[in-house]
Amino acid sequence: MRDITLCHPRLKVLAAKLVEECSRQGLIIKIGETYRTVAEQDALYAQGRITPGNIVTNAPGSTYSSYHQWGTAFDIFRNDGQGAYNESGNFFGKVGAIGVSIGLEWGGNWKSPVDKPHFQLPDWGSSTSGIKKYYKDPDEFMKTWVKEEEKTGWILDSIGFWYRRADGSYPKNKWCIINHHYYLFNRDGYMVTGWHRWDGKICDPDDGSGDWYFLDSAKDGPLEGACWHTKDNGAQEIWLIEQKDYI
């Protein structure tokens, strides 16, 4: 199937980020294969064995050995008119590096098989033996997704903290007041810590413009990411805002 909405909620977010960041760097891609049913995986497994074509998988559907069946993997293809799987200019290598940087596992880093169009969540390891230790089958696993989709507020994933509003949206390239403190979210929607620039519209603009701000960098601290400021007497402190919430 080519429907990313059938996949794990966090994978949907990362897939959108991959497409967006690749586009920003001039790499035009589109999501291809996503979730597969048992029948679809069996049909793919039959290719090159009992049906025409090359062998492309060693995972029959009944074994649940493909992360596509668990809704935690997707494939991409090149969508700039140069050929869907044209590797010229190290196209897939560049896309793979971006995918890894935002928290995805890339099939191009595997030794066998090397699968450059493939991305998946890294949480359970490269093979499905990891996820099978926790869930007997994809149906059982997918029953846990509803709870994750309903989470609001601060959410920590493999990249960092982001903030989901009640309507499912999240701030990016934006200052927000949350529980009496200022937080800055970058262009990917993640809370930043340490020193960062803000030019009035963009967090860490490419041209290096904007004013510097320091966001608390105490890892796992109670106010991680909260903005510091200088008081009139020159002392430094985390900024406390009278307004409670503005996100």
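**Labels and what backs them**

Analyst: Let's start with asparagine 179, which is partly exposed, with a relative accessible area of 45%. Keep in mind that this is a predicted model.

User: Why is asparagine 179 called partly exposed?

Analyst: Its relative accessible area is 45%. Buried means under 20% and exposed means over 50%, so asparagine 179 falls in between and counts as partly exposed.

User: Where does asparagine 179 sit, and what is its phi?

Analyst: Asparagine 179 is in the loop between β7 and β8. Its phi is positive, about 50°, although the residue is not a glycine.

User: What makes β7 and β8 a pair?

Analyst: Strands count as paired if there are at least two bridges between them. β7 (residues 174-178) and β8 have five bridges, in the antiparallel sense, so the label holds. Isoleucine 178 stands opposite histidine 181 in β8, and lysine 174 faces phenylalanine 185 of β8.

User: Which strands make up that sheet, and in what order?

Analyst: The order is β8-β7-β13, an open sheet of three strands with antiparallel pairing. β8 (181-185) and β13 (245-246) are the edges: each has a single partner strand, so one side of each has no neighbour in the sheet.

User: On to helices. How do you know that the length of α1 agrees with what a helix should span?

Analyst: At 1.5 Å a residue, the 16 residues of α1 should span 22 Å, and its end C-alpha atoms are 23 Å apart, which agrees. Just after α1 comes glycine 26, with a positive phi of about 80°.

User: Which residues of α1 are buried?

Analyst: Pro9, Arg10, Leu11, Val13, Leu14, Ala15, Lys17, Leu18, Glu21 and Cys22.

User: Why is α1 called oblique to α3?

Analyst: The axes of α1 and α3 come within 10 Å and cross at roughly 130°. That makes α1 oblique to α3, because roughly perpendicular stops at 115 degrees and roughly antiparallel needs over 145. The crossing is right-handed. Where the two helices meet, Leu18, Glu21 and Cys22 of α1 contact Val95, Ile98 and Gly99 of α3.

User: What else do the buried residues of α3 pack against?

Analyst: Besides α1 (9-24), they pack against β1 (29-31), β2 (73-78), β3 (105-106) and β4 (118-120). The buried residues of α3 (residues 91-101) are Phe91, Phe92, Gly93, Val95, Gly96, Ile98 and Gly99. After α3 comes glycine 103, with a positive phi near 110°.

User: What makes the bond between serine 112 and proline 113 stand out?

Analyst: The peptide bond joining serine 112 and proline 113 is cis, with omega about -5°. Proline 113 is in the loop between β3 and β4.

User: How many helices and strands does the whole protein have, and what share of its residues is buried?

Analyst: There are six helices and 13 strands. Of the 247 residues, 42% are buried. The C-alpha trace spans about 80 × 40 × 30 Å along its principal axes. Among contacts with a separation of 6 or more, 52% are between residues 24 or more positions apart.

Methods. Residues are numbered from 1 along each chain as its sequence is written. This is a predicted model: local features need pLDDT of at least 70, side-chain atom pairs count only at pLDDT 80 or more; totals for chains, interfaces and linings use all residues. Side-chain values use heavy atoms; hydrogens and water are left out. Buried means under 20% relative accessible area, exposed over 50%, partly exposed in between (1.4 Å probe, protein chains only). Helices (H or I, at least four residues) and strands (E, at least two) are DSSP runs, numbered from the N terminus. Contact means heavy atoms within 4.5 Å. The expected span of a helix is 1.5 Å times one less than its number of residues. Axes are lines fitted to C-alpha atoms, for helices over the stretch in contact, and angles run from 0 to 180 degrees between N-to-C directions. Angles under 35 degrees count as roughly parallel, over 145 as roughly antiparallel, 65 to 115 as roughly perpendicular and the rest as oblique. A crossing is left-handed if the near helix is turned anticlockwise from the far one by less than a right angle, and right-handed if clockwise.
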